Amino acid sequence: MKAAFIALEKRSLQYGAVFTVGPLGLLVALCCGLHLGWTSPYLPVLLSEDSPIPMTADESSWVGTVYLLGGVCGSVLLSVFGRLIGRKSILLWSSVPFCTSWIIIAFATTLPELLIGRYIAGVCEGLCFASLPIYFSEISDKEIRGMISSTASITLFVGVMVINLVGSYTTIQTSSLVLLSVPLLHLLTFIWMPESPNYLLMKGKIKEARRSFVALKGTEDADRNLDMIARAIEEENVNQTNFTCLLRRNNRRKLVTLFGLRLAQQFSGITAFSIYAQILFKEGDASIPPVLGVMIFYGIQLIFSILSSLLVDKLGRRPLLMASSIGAVVTLLVEGAFFFVRDFIRADTSHVSLLPTVVLFVFIVSYSLGLQTMPNFMASELFPTNLKAYASTVATVLLYAFGAISTELFQFTKDNYGLFVPFWSFAIVCSVGSVIVAIFLPETKNRTLEDIQTELNQQTSGPTSGSDQARQAGAAATIEG
């Protein structure tokens, strides 16, 4: 008990970095979740007869898609700003465009105005959601890195849950003005957090890096650990880095892993289910009201995501991801089978009308155990410090690109062929992504970021050559000098 208390005290600022970014998690991730889930309660309002912004069904699809397209643009911006202004600065000043987007949405009277507000929010989320895993992986100890990194995804869906609840009882303008307080609170709290010591070392700010490291992790072995990080960064910087470095031999396997993770995650259909949550529960023909169904859906997601974050550093990344993927694929197949029997064969399913709702709940249990959280922070664990911004850009572009494609696929196939088609399509593609993950993903639990890079480089490059050893020795001598 005493040891646990000492560990908690030692890591107080590491946990503080999480709790000051947001209540029960991260405020900036909460902002992202509020915008991501915004369409679920408000698309039915926008399509109703007394809509504040009249639009057709085709036009309404852009309200969800433009947000994801903005996320693609925002994540690309990280490759430009990630190495220039630092992780903390990106997260801190994201509050400004988030505030702007809420104001535009609150007073929008036309579809283009609404789309502009949604696009700005998407750009901001793309930039932030790619930066968060990097920041948390670099400020946390290896024993809790998985748990802390998972909080971004958990809080994202707290935001989705909150907007579904708030949006069911308030107007678009009222909710937008109330939720404007979230990015403002983020600005006031996160300003006190230190910058990542890894980033400061990468920029050559040795004294600032030591102050940040001591504040986050204490003085015990501070100089030795900083020296290890500095050596690793110096070795990474021996060769000049740019975006094309991701295509080098020792990074290709990691890149394929990111592709498989995002493929399995997004083509589980989760983004489409979040955007069309209330509509999906109406389609299920169950006796559960759509609003209640959505709240249960996100409540289950929150509980099992927290459970996943507590287990990830104990059981490991691979076991949870494999169990999550298998469960998601099986439930998607079952869900598709129900709608195939109901809509294509046109058999009487009234006696099992609750089945699609129950299966959807089982799906979210499976998804939350691994696919929800881990693909969002693996780029920050697999790639070295000087490539993290580029790798996170790729991972986040894949997130929004696959999310946009899966969302459009869901609506198009549902409207034209029947609801069973998107479910079976998602099951097939999610299976492909899961196989890629099973083949290429290494286990990274309880290992420092520097140890992970050493092992991955040995796997792809083989034994270190004499010239490489000489070069690394030169880099180390430079740091010591």
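The structure holds 5 cavities of 30 Å³ or more. On a 1 Å grid over the protein atoms alone, a cavity is a set of points where a 1.4 Å probe fits but cannot get out, and a pocket is an open set with protein on both sides within 12 Å along at least five of seven lines; a lining residue has an atom within 4 Å of a point. Points are joined across faces, edges and corners, and the volume is the space filled by probe spheres set on them. The model is predicted: local features need pLDDT of at least 70 and side-chain atom pairs pLDDT 80 or more, whereas totals for chains, interfaces and linings use all residues. Residues are numbered from 1 along each chain as its sequence is written, and side-chain values use heavy atoms, with hydrogens and water left out.

The largest cavity has a volume of about 160 Å³. Its lining comprises 17 residues, and Leu-36, Leu-156, Gln-266, Thr-271 and Leu-399 lie nearest the centre. At least two lining residues come from each of helices H8 (111-139), H9 (145-167), H15 (249-266), H16 (270-275) and H22 (388-416); helices are DSSP runs (H or I, at least four residues) numbered from the N terminus. Domain 1 (11-193) and domain 2 (241-460) each contribute at least three residues to this lining, the domain bounds being taken from an automatic or database assignment. By class, the lining has 9 nonpolar, 7 polar and 1 charged residues. Here Ala, Val, Leu, Ile, Met, Phe, Trp, Tyr, Cys and Pro count as nonpolar, Asp, Glu, Lys and Arg as charged, and the others, Gly among them, as polar.

The second largest pocket contains about 480 Å³ of space. Of its 21 lining residues, Asp-141, Lys-142, Lys-217, Asn-225 and Thr-448 are the closest to its centre. H8, H13 (206-217), H14 (222-236) and H24 (449-461) each give two or more residues to the lining, with the largest share, 4 residues, from H14. The lining has 4 nonpolar, 5 polar and 12 charged residues. Because domain 1 and domain 2 both give residues to it, this pocket lies between them.

Axes are lines fitted to C-alpha atoms, for helices over the stretch in contact, with angles from 0 to 180 degrees between N-to-C directions. Ser-406, Leu-409, Phe-410, Thr-413 and Lys-414 of H22 meet Val-421, Pro-422, Ser-425 and Phe-426 of H23, where contact means heavy atoms within 4.5 Å.

H18 (residues 290-315) and H19 (residues 317-344) pack at about 130°, with axes 7 Å apart. H18 and H19 are therefore oblique to each other.

Key
Angles under 35 degrees count as roughly parallel, over 145 as roughly antiparallel, 65 to 115 as roughly perpendicular and the rest as oblique.
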